[in-house]
Amino acid sequence: MKTQITLLMLAITLIPGGSWAASSCSRANLTRCLDSACAINISSNPSARCQYCGTPSAGSPSSDGIRSVSVGSSTKYNITDKELKSAPTEPSKRYAWAAKRCIERVSGCTVEDVSDVYDDLITQSCRAAGIAAEVADLSAQLRETRSETSCSNEITACMVSDDNCGRDFAQCKSDTDFDRVFSNCTVLATGCDEFSSNLRDKLFASRNDAVERAENALASIIKSYQTARENRIANTRKMCENNTGINNCVETVCNNNMNNRCADGFDQERAMATLLCKFYDIACATLK
């Protein structure tokens, strides 16, 4: 069954530089992973895949709490019960949700692999539920009619979330990271295929603008610190000319801290003031 996942491939293949050919994907492990979200109680309910990840026309799955998914097989790649609590209940959205997580778990797998290994299983399950629809008919049922605005809002919110690119796109500075996050977000945004190319172009431009602004801001901060440092050095050099700095310092200490203000005959006070201002001599010697 070429369901919503297959339709979403159109969005992903529009991404420049993407390479989605299957390579080292373990389709057995991929199936086990998808079953953990779409085939709950499959042994007692042959329609489970259709009900969970096929079409609402198959009815709601039973909620008896029994799970018999891939009995005797490794659960290494399964989606956990805790994760399933946040899984969408609408079948096509649940399928996309499960696909994203299984691609992350089973290395080397792509959205195309998900469609190839699981669409037919859902079709068989739907026939078991009495839904004798062809693949194209089911695809049409699952495809949502979406506006460009709603798609833009959903995909943008996904892209700029803290777990993905972030609002300043700091986590998607490289095109590889940007494309990876965008493909994940388009998988989750069902029914947005026809808008994905334009949305990527807009988000890519926004990413470039954000990165450029951040770089310019950083360059401005660095420049301001550099300028301030250069100004301090220039002022220090100026105070070193003709011993201006130390002489002013001595007079200030004499006037503010010495009882007799270093008047004639009180050489000891002037000597003490000169010693207190000795740091000017040290600074000037360093700059020479």
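**Exercise 1. Find the salt bridge between Arg180 and Asp177, and state how far apart the two residues lie in helix H9.**

Solution. 
Step 1. Recall the rule: a salt bridge is a side-chain nitrogen of Lys or Arg within 4 Å of a carboxyl oxygen of Asp or Glu.
Step 2. Check the pair. The side chains of Arg180 and Asp177 meet at 3.7 Å, N to O.
Step 3. Locate them. Both sit in helix H9 (residues 175-188), 3 residues apart, so about one helical turn separates them. Helices here are DSSP runs of H or I with at least four residues, strands are runs of E with at least two, and both are numbered from the N terminus.

This is a predicted model: local features need pLDDT of at least 70, side-chain atom pairs count only at pLDDT 80 or more, and totals for chains, interfaces and linings use all residues. Residues are numbered from 1 along each chain as its sequence is written, and side-chain values use heavy atoms, leaving out hydrogens and water.

**Exercise 2. Are Arg180 and Asp177 buried, partly exposed or exposed?**

Solution. 
Step 1. Set the cut-offs: buried means under 20% relative accessible area, exposed over 50%, and partly exposed in between (1.4 Å probe, protein chains only).
Step 2. Arg180 has 44% relative accessibility, so Arg180 is partly exposed.
Step 3. Asp177 has 27%, so Asp177 is partly exposed too.

**Exercise 3. Which helices does the salt bridge of Arg27 and Asp113 link?**

Solution. 
Step 1. Confirm the bridge. The closest N and O atoms of Arg27 and Asp113 are 2.8 Å apart.
Step 2. Arg27 is in helix H2 (residues 27-38) and Asp113 is in helix H6 (residues 111-128). The pair links distant parts of the chain, 86 residues apart.
Step 3. Arg27 is partly exposed at 35%, whereas Asp113 is buried at 1%.
Step 4. Look for a network. Salt bridges link Arg27, Asp113 and Asp116.

**Exercise 4. Where in the chain are Arg270 and Glu251, which form a salt bridge?**

Solution. 
Step 1. Take the distance. The closest N and O atoms of Arg270 and Glu251 are 3.2 Å apart.
Step 2. Read off the helices. Arg270 lies in helix H12 (residues 267-276) and Glu251 in helix H11 (residues 244-257), 19 residues apart.
Step 3. Classify both. Arg270 is partly exposed at 32%. Glu251 is partly exposed at 37%.

**Exercise 5. How many salt bridges, helices and strands are there?**

Solution. 
Step 1. Searching the whole structure gives 11 salt bridges.
Step 2. The chain has 13 helices and 0 strands.
Step 3. Of its 288 residues, 40% are buried.
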